[in-house]
Amino acid sequence: GGWRPGEITVLSGTSGVGKSTFASFLSLLQASEKNPALYLTFEVLPKNILRKWISMLAGGGFYELSREAYVQARKKLARRPIWIADHFGMVQLEDVRKTIYESTGSNGTRFIVIDHLGHLASLGSDNEIRETGHIIRECKRWSLDLAVHIVVVAHLRKPSNQTNSTPQMEDLRGSSELYQVADNVLLLDRKRGQTKCRCR
């Protein structure tokens, strides 16, 4: 589906720009093309990711859906090879590894989203950059070992003081480590007051 196995993509952008929505869309798109997908969510409740998928399949806002549209969307979702892992909150890297390896073995998972890196790293710690580097290298090792593509959602280092500034790769938390390991970086950007979001 255009995502190379054995690669890591880092997806980032300012808070509230739609990183989780975009990542959930990418995973649903892969599942719709019969590429088994796994979504690991630590910050957004699993039920909210499910609601996003149902809304996308129904073509409307979740709470505005008729009962019939909801049921049809649920049926469409059930026919897709897509799974969500309930790791809401802070989680150990080893638990994430086990979940990914189990899903790949039992479900044939090929596309994985980890949402997000901050819940695996102790942000603000003295060794934050080293810890981020360790985590992203582990994700790279898993992607190569399992021949899967992993999308890691990451936050920016700090919000920009400029109201309409475009995020840069240097704005990523632990950017020096991410530069060396990530194969691709996607940056989401939306100007204040607009609904259209740009991905670079």
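1. Helices here are DSSP runs of H or I with at least four residues, strands are DSSP runs of E with at least two, and both are numbered from the N terminus. With that in hand, Lys-34 is found in the loop between H1 and S2, that is, between helix H1 (19–32) and strand S2 (37–41).

2. Some ground rules before we go on. This is a predicted model, where local features need pLDDT of at least 70 and side-chain atom pairs count only at pLDDT 80 or more, while totals for chains, interfaces and linings use all residues. Residues are numbered from 1 along each chain as its sequence is written, and side-chain values use heavy atoms, with hydrogens and water left out.

3. Back to Lys-34: is it buried or exposed? Its relative accessible area is 57%, so Lys-34 is exposed (buried means under 20% relative accessible area, exposed over 50%, and partly exposed in between, with a 1.4 Å probe and protein chains only). The backbone of Lys-34 is worth a look too, with a positive phi near 65 degrees in a residue other than glycine. Most residues other than glycine have a negative phi, and most peptide bonds are trans.

4. Now find helix H3 (residues 67–78), where Ala-69 sits. Ala-69 has a relative accessible area of 26%, so it is partly exposed. Its C-alpha atom is separated by 33 Å from that of Thr-9, 60 residues away along the chain. Ala-78 is in helix H3 as well, and Ala-78 is exposed because its relative accessible area is 66%.

5. How many salt bridges does the structure hold? There are 5 salt bridges (a side-chain nitrogen of Lys or Arg within 4 Å of a carboxyl oxygen of Asp or Glu). Side chains of opposite charge can pair when their charged atoms come close. One of these bridges joins Arg-97 to Glu-94, with the closest N and O atoms 2.7 Å apart. Both residues lie in helix H4 (residues 93–107), 3 residues apart, about one turn of the helix. An α-helix has 3.6 residues a turn, so residues three or four places apart point the same way. Arg-97 is partly exposed at 24% relative accessibility, and Glu-94 is partly exposed at 37%.

6. Arg-141 counts as partly exposed at 40% relative accessibility, whereas Glu-138 counts as buried at 18%. Other buried residues in H5 include Ile-135, Ile-136, Cys-139 and Trp-142.

7. What span should the 19 residues of helix H5 (residues 128–146) have? The rule is 1.5 Å times one less than the number of residues. That makes 27 Å for H5, and its end C-alpha atoms are 27 Å apart, which agrees.

8. Ala-147 follows H5 and is in the loop between H5 and strand S5 (149–155). Ala-147 has a positive phi of about 55 degrees although it is not a glycine. At 37% relative accessibility, Ala-147 counts as partly exposed.

9. Two last stops. Asp-189 forms a salt bridge with Arg-198, with 3.0 Å between the closest N and O atoms; Asp-189 is buried at 8% relative accessible area, whereas Arg-198 is partly exposed at 42%. Then check the peptide bond joining Asp-115 and His-116, which is cis, with omega about 10 degrees. His-116 is found in the loop between strand S4 (111–115) and H5.
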